[in-house]
Structures are given as C-alpha cells and as structure tokens.
Amino acid sequence: MLTVDMATQVFEILKQPNRRYLTKADFKPVLEELLATHPGLEFLQGTPEFQEKYAETVIYRIFYYINRSGNGRLTLRELKRSNLIFVMQQVDEEEEINKILRYFSYEHFYVIYCKFWELDTDHDYLLDRENLIRYGNHCLTYRIVDRIFSQAPKKFSSNVEGKMSYEDFVYFILAEEDKSSEPSLEYWFKCIDLDGNGVLTSSELQYFYEEQLHRMSCMSQEPVLFEDILCQIVDMISPEREGYITLHDLKRSKLSGNIFNILFNLNKFMAFESRDPFLIHQEREDPTLTEWDRFAHREYVRLSMEEDSEAASNGNVESWEESLEAPF
C-alpha cells in the first residue's frame, strides 16, 4: 500500500473486497469519524439526526461532482481526476469546517437542508411536483419541473411514484444554483433534449421558452420574442453546427448557464437581462468562488438572521443560545 499514490490508498481502504468501485455507503465510516473528531462539527454531537443528514449531504455532493457516469459507482479513475483527496487533507488541517467550501461546509449543508425542509410541508422527506414548483419563489416553469419528475436528468432514488427524495433534491439544487458546472450542464441538457438524441434544436428551445413568454406577459413584463432569444443563444454559444446545440458546444462556452435561465427560470432571466451591477461586482471581487458558493453564503446569512430575529421575538435567552449552536 505504501508504494501506491494517496488516491489509490484511499480507494483500496474504503472499497468493499472484490469490488472495483466505491458506493455511497463506503464513505459512511469517513463521515462518522469526521463527526466524532472534527472540532468544527462538535456542536452537532447532541443532535444525531442532523449529524446523519450532514453526512448524507456531504456524500451526495461528492457523488454529484465526481461520479460523472451518475451510476452510483465511483471508480478509481474518477477519484483520481477529482479534487477529493486534496479537500480531505484540507479538512484534516483546518479547524473551521466552513472554510472548506467543497463538499464539507456545514453552512452549505444547512442551506440545502433548510431549502428542502421549507418545501417538504408534510415532512415525510419526499417532494412532489407542487412542492418543487414553489422553489425560489416559483422561479421555475411547470414544463421544466415536469421534465425533472419524468426523471430525464436523473433517475429518482425515492422509489415512490411521483416523489423526489432528499438525495434527488440535493442534485437538483446544486444543478439549479450553479449552472456553470459540468454536472449542471449535463443535468439541464438532458431536460431540454426532449427526444434524447444528443442535440438541442430550436423547436425544443421554443417549447420551454413559450411558458417563460406567457409568464412575462402575466407579470406585465415587456416580452422578448423567441426569434430574438434564439439569436442571443446562438451568439452566446457559437455552435459548431448551425441549427443544433450539443453538450460539447455548451461546455465550450462560459455563458451556457444563462441559456437555461432564459428558458425556464424567470427570476434569473430577468436578473441576467438587467445585468445586476452588484452581482457583477461580487463576481469580480473573488473569481475563485462559484455561483453555488455565492448563493449558499447569501442564503446562510438570510437564514441565520431569520433564526436570530425569531429567537429575539420569543424573548427566550435559552432558545437564542440553542439557535447559535444548532439552528434547526
């Protein structure tokens, strides 16, 4: 074992005998050890249910970014191509877990879990179409939500007809809030590619944009005609083959994420059209942060403020102190 590289060592230690891949379950001992010993996660030790959810979320995030085949079987090649070993070493050295933005941040977990909890009104850990349509102040179109529930981008792990699990939601929110990442581009490409032939045509783009157009007129927004939108998309992507957009075309362009917002997220489409100077300044200030990092930070601040104001309005010092430790 000492003669092989670190990634191979980790792979061999974690995987089950006679297997050539890692499963999500293989990472559980790593997370159990982390939760038991890491100073940045000590405050969770009194709440085993949230320890479990934190561990689950970290593992789902790892597989979302690294298991590119999406089959739940992480190969040595995928592990070596990823930054996971480097990030695990960072976690060992850094006492403040929230400084490790990739995979392990508690703040990121908190945002994901709270977003899910807000939508899961009956708290059965399953979401239906109507739950998901409320995401982000009803920012998504019914057509794109229908495609998610048709399991076009990813087969649901819930095994319950018409319901998405917490794991499915983690994949969704990571794809929705950072459309510049490769896993996200693949997720949304499968949604828009209605016939599954590997290319997006103008008719497929128009099908999704029609609902956006209708929503704009309902909100008294000045509608942008599809012909103009199509020209804008072609300019942004510069596809290799005229009239068709491939996943390869999208991965070549830095503006691909905006195309999906144009097609099915009205709030982000409007923000893109208005070119919010605050967001542009934010991006230039720290280009190392991803769209997901910025979103998670904004939402964590908002959620923490809500927790503090609720505790203050209760006038209960004890609940306020608890909210600082584990704001659930």
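Predicted model: local features only at pLDDT ≥ 70, side-chain atom pairs only at ≥ 80, totals over all residues.
His108 touches Arg61, Leu101, Trp292, Asp293 and Ala296, leaving aside residues up to four places away in sequence. This histidine lies in helix α6, which spans residues 106-119. His108 counts as buried because its relative accessibility is 3%, below the 20% limit for that class.

**Nonpolar core**

- The largest nonpolar core comprises 93 residues.
- Tyr54, Phe104, Leu132, Phe169, Phe172 and Trp188 have the most contacts inside this core.
- Helix α3, residues 48-66, gives the most to the core, with 10 residues.
- In soluble globular proteins, nonpolar side chains tend to be buried together.
- Leu132 touches Leu119, Val145, Ile148, Phe149, Met164, Phe169 and Phe172, when residues up to four places away in sequence are not counted.

**Packing of α10 and α11**

- Helix α10 (residues 166-177) packs with helix α11 (residues 182-192) at an angle of about 100°, and the two axes are 8 Å apart.
- That angle makes α10 roughly perpendicular to α11, because angles of 65 to 115 degrees fall in this class.
- On the α10 side the contact involves Tyr171, Phe172, Ala175 and Glu176, which meet Ser184, Tyr187 and Trp188 of α11.
- By type, the residues of this contact divide into 5 nonpolar, 1 polar and 1 charged.
- Phe172 and Trp188, both part of the contact of α10 with α11, are also among the residues with the most contacts inside the largest nonpolar core.

**Annotated region**

- An unreviewed UniProt entry carries the annotation "domain: EF-hand" for residues 180-215.
- Over residues 180-215 the chain is 69% helix and 6% strand.
- The end C-alpha atoms of this stretch are 25 Å apart.

**Residues in loops**

- Gly162 is found in the loop between α9 (142-149) and β2 (164-165).
- With 31% relative accessibility, Gly162 counts as partly exposed.
- Apart from neighbours within four places in sequence, Gly162 is in contact with Leu127, Asp128 and Phe149.
- Phe149, a contact of Gly162, is also touched by Leu132.
- Gly162 and Ser150 are 12 residues apart along the chain, and their C-alpha atoms are separated by 8.4 Å.
- Pro39 has its place in the loop between α2 and α3.
- A relative accessible area of 40% makes Pro39 partly exposed.
- From Pro39 to Phe208 the separation is 169 residues in sequence and 47 Å in space, C-alpha to C-alpha.

- Most residues other than glycine have a negative phi.
- Asn18 has a positive phi, near 65°.
- The loop between α1 (6-14) and α2 (28-37) holds Asn18.
- Asn18 counts as exposed because its relative accessibility is 83%, over the 50% limit.
- Asn137 likewise has a positive phi, in this case near 55°.
- Asn137 is found in helix α8, residues 135-138.
- At 68% relative accessibility, Asn137 counts as exposed.

Methods
Residues numbered from 1 in each chain as written. Heavy atoms only, no water. UniProt positions renumbered as here; feature names shortened; annotations may be inferred. Helix = DSSP H or I, 4+ residues; strand = E, 2+ residues; numbered from the N terminus. Axes fitted to C-alpha atoms, helices over the stretch in contact; angles between N-to-C directions. Parallel < 35°, antiparallel > 145°, perpendicular 65-115°, else oblique. Contact = heavy atoms within 4.5 Å. Nonpolar A, V, L, I, M, F, W, Y, C, P; charged D, E, K, R; others polar. Core = buried A, V, L, I, M, F, W, Y, C linked by side-chain atoms within 4.5 Å. Buried < 20%, exposed > 50% of the residue type's maximum accessible area, 1.4 Å probe, protein only.
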